[in-house]
Amino acid sequence: MLDNNLATIRGVLDDRSCRSVFLVADPLAFELSGASESLREVLASRQVTVFREFQSNPNSEELLRGIELYQSVQPDIILAVGGGTAIDLAKLIAFCAVQLDDVVHL
(Lines give C-alpha, C1' and ligand atoms only; values in the text may rest on other atoms or scores of the structure.)
Protein backbone atom coordinates (compact mmCIF):
# COMPACT_ATOMS: atom_id res chain seq x y z
CA MET A 1 0.00 0.00 0.00
CA LEU A 2 2.74 2.45 0.95
CA ASP A 3 4.60 1.75 -2.30
CA ASN A 4 1.43 2.53 -4.26
CA ASN A 5 0.95 5.80 -2.39
CA LEU A 6 4.56 6.82 -2.97
CA ALA A 7 4.23 5.94 -6.65
CA THR A 8 1.10 8.08 -6.83
CA ILE A 9 2.85 11.03 -5.19
CA ARG A 10 5.86 10.62 -7.47
CA GLY A 11 3.54 10.38 -10.48
CA VAL A 12 1.69 13.58 -9.59
CA LEU A 13 4.94 15.47 -8.99
CA ASP A 14 6.45 14.19 -12.24
CA ASP A 15 3.31 14.71 -14.36
CA ARG A 16 3.09 18.31 -13.20
CA SER A 17 6.86 18.87 -13.52
CA CYS A 18 7.04 19.98 -9.89
CA ARG A 19 10.50 21.12 -8.97
CA SER A 20 9.55 22.77 -5.70
CA VAL A 21 7.30 21.39 -2.96
CA PHE A 22 5.80 23.15 0.03
CA LEU A 23 5.35 20.44 2.64
CA VAL A 24 3.00 21.03 5.57
CA ALA A 25 3.96 18.34 8.03
CA ASP A 26 2.65 17.53 11.46
CA PRO A 27 6.02 17.24 13.24
CA LEU A 28 5.14 14.21 15.33
CA ALA A 29 3.12 12.29 12.75
CA PHE A 30 5.62 13.01 9.98
CA GLU A 31 8.45 11.36 11.87
CA LEU A 32 6.62 8.62 13.81
CA SER A 33 4.59 7.41 10.81
CA GLY A 34 7.73 6.85 8.75
CA ALA A 35 6.58 9.41 6.17
CA SER A 36 9.80 11.37 6.55
CA GLU A 37 11.90 8.37 5.56
CA SER A 38 9.45 7.12 2.94
CA LEU A 39 9.24 10.46 1.12
CA ARG A 40 12.98 11.08 1.20
CA GLU A 41 13.63 9.47 -2.21
CA VAL A 42 10.48 10.91 -3.83
CA LEU A 43 11.44 14.43 -2.78
CA ALA A 44 15.21 14.12 -3.14
CA SER A 45 15.42 15.76 -6.57
CA ARG A 46 13.13 18.64 -5.63
CA GLN A 47 13.46 21.82 -3.61
CA VAL A 48 11.41 21.16 -0.46
CA THR A 49 10.29 23.79 2.03
CA VAL A 50 8.85 22.27 5.19
CA PHE A 51 6.34 24.09 7.37
CA ARG A 52 5.89 22.36 10.70
CA GLU A 53 5.79 25.12 13.28
CA PHE A 54 2.15 24.86 14.26
CA GLN A 55 0.06 23.48 17.10
CA SER A 56 -2.65 20.87 16.80
CA ASN A 57 -5.12 23.77 16.94
CA PRO A 58 -3.25 26.41 14.93
CA ASN A 59 -3.88 30.08 15.53
CA SER A 60 -3.94 32.93 13.03
CA GLU A 61 -0.28 33.81 13.64
CA GLU A 62 0.78 30.30 12.66
CA LEU A 63 -1.39 30.47 9.56
CA LEU A 64 0.12 33.82 8.61
CA ARG A 65 3.65 32.42 9.06
CA GLY A 66 2.74 29.53 6.78
CA ILE A 67 1.32 31.90 4.16
CA GLU A 68 4.41 34.12 4.29
CA LEU A 69 6.74 31.14 3.91
CA TYR A 70 4.65 29.76 1.03
CA GLN A 71 4.67 33.13 -0.74
CA SER A 72 8.41 33.53 -0.23
CA VAL A 73 9.24 30.28 -2.02
CA GLN A 74 6.44 30.23 -4.64
CA PRO A 75 6.29 26.40 -4.80
CA ASP A 76 4.90 24.39 -7.67
CA ILE A 77 2.74 22.30 -5.34
CA ILE A 78 1.69 21.93 -1.73
CA LEU A 79 1.76 18.56 0.02
CA ALA A 80 0.33 17.78 3.47
CA VAL A 81 1.44 14.92 5.69
CA GLY A 82 -0.11 14.19 9.02
CA GLY A 83 -3.56 14.33 10.46
CA GLY A 84 -6.44 16.68 9.87
CA THR A 85 -4.60 19.71 11.21
CA ALA A 86 -1.80 19.49 8.65
CA ILE A 87 -4.24 18.82 5.84
CA ASP A 88 -6.60 21.64 6.82
CA LEU A 89 -3.74 24.05 7.36
CA ALA A 90 -2.25 23.19 3.94
CA LYS A 91 -5.62 23.90 2.32
CA LEU A 92 -5.90 27.23 4.14
CA ILE A 93 -2.37 28.24 3.20
CA ALA A 94 -2.91 27.32 -0.46
CA PHE A 95 -6.16 29.29 -0.59
CA CYS A 96 -5.09 32.33 1.41
CA ALA A 97 -1.67 32.71 -0.20
CA VAL A 98 -3.19 33.68 -3.55
CA GLN A 99 -5.85 36.08 -2.27
CA LEU A 100 -5.55 39.75 -3.10
CA ASP A 101 -7.29 40.84 0.10
CA ASP A 102 -5.79 40.76 3.55
CA VAL A 103 -6.49 37.20 4.74
CA VAL A 104 -7.03 38.33 8.32
CA HIS A 105 -10.23 40.01 7.16
CA LEU A 106 -11.55 37.20 4.93
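**The nonpolar core**

Modeller: The largest nonpolar core holds 14 residues, and those with the most contacts inside it are Leu-13, Leu-23, Phe-30, Leu-39, Leu-43 and Val-81. A nonpolar core here is a set of buried Ala, Val, Leu, Ile, Met, Phe, Trp, Tyr and Cys residues joined through side-chain atoms within 4.5 Å. Buried means under 20% relative accessible area, exposed over 50%, partly exposed in between (1.4 Å probe, protein chains only). Two or more residues each come from α1 (2-15), β1, α3 (35-43) and β3. The most come from α3, with 4 residues. Helices (H or I, at least four residues) and strands (E, at least two) are DSSP runs, numbered from the N terminus.

This is a predicted model: local features need pLDDT of at least 70, side-chain atom pairs count only at pLDDT 80 or more, and totals for chains, interfaces and linings use all residues. Residues are numbered from 1 along each chain as its sequence is written, and side-chain values use heavy atoms, with hydrogens and water left out.

Take Phe-30. Leaving aside its neighbours within four places in sequence, Phe-30 is in contact (heavy atoms within 4.5 Å) with Leu-23, Ala-25, Ala-35, Ser-36, Leu-39, Arg-52 and Val-81. A second, separate core has 13 residues, including Val-24, Leu-63, Ala-86 and Ile-93.

Now the strands. β1 and β3 pair in the parallel sense over 5 bridges; pairing requires that DSSP find at least two bridges between two strands. Leu-23 has Leu-79 as its bridge partner in β3. The covered face of β3 carries Ile-77, Leu-79 and Val-81, while Ile-78 and Ala-80 form the uncovered one. Thr-49 lies in β2. Thr-49 is buried, at a relative accessible area of 13%. Leaving aside its neighbours within four places in sequence, Thr-49 is in contact with Val-21, Phe-22, Leu-23, Leu-69 and Val-73.

Next, α5. In this helix, Ala-86, Leu-89, Ala-90, Ile-93 and Cys-96 are buried. Seen down the axis of α5, they fall within an arc of 145° (from the directions from the helix axis to the C-beta atoms), so they line one face of the helix. They pack against β1 (20-25), β2 (47-51), α4 (60-73) and β3 (77-81).

Last, the whole chain. The protein chain has 5 helices and 3 strands, running α-β-α-α-β-α-β-α from the N terminus on. Of its 106 residues, 35% count as buried.
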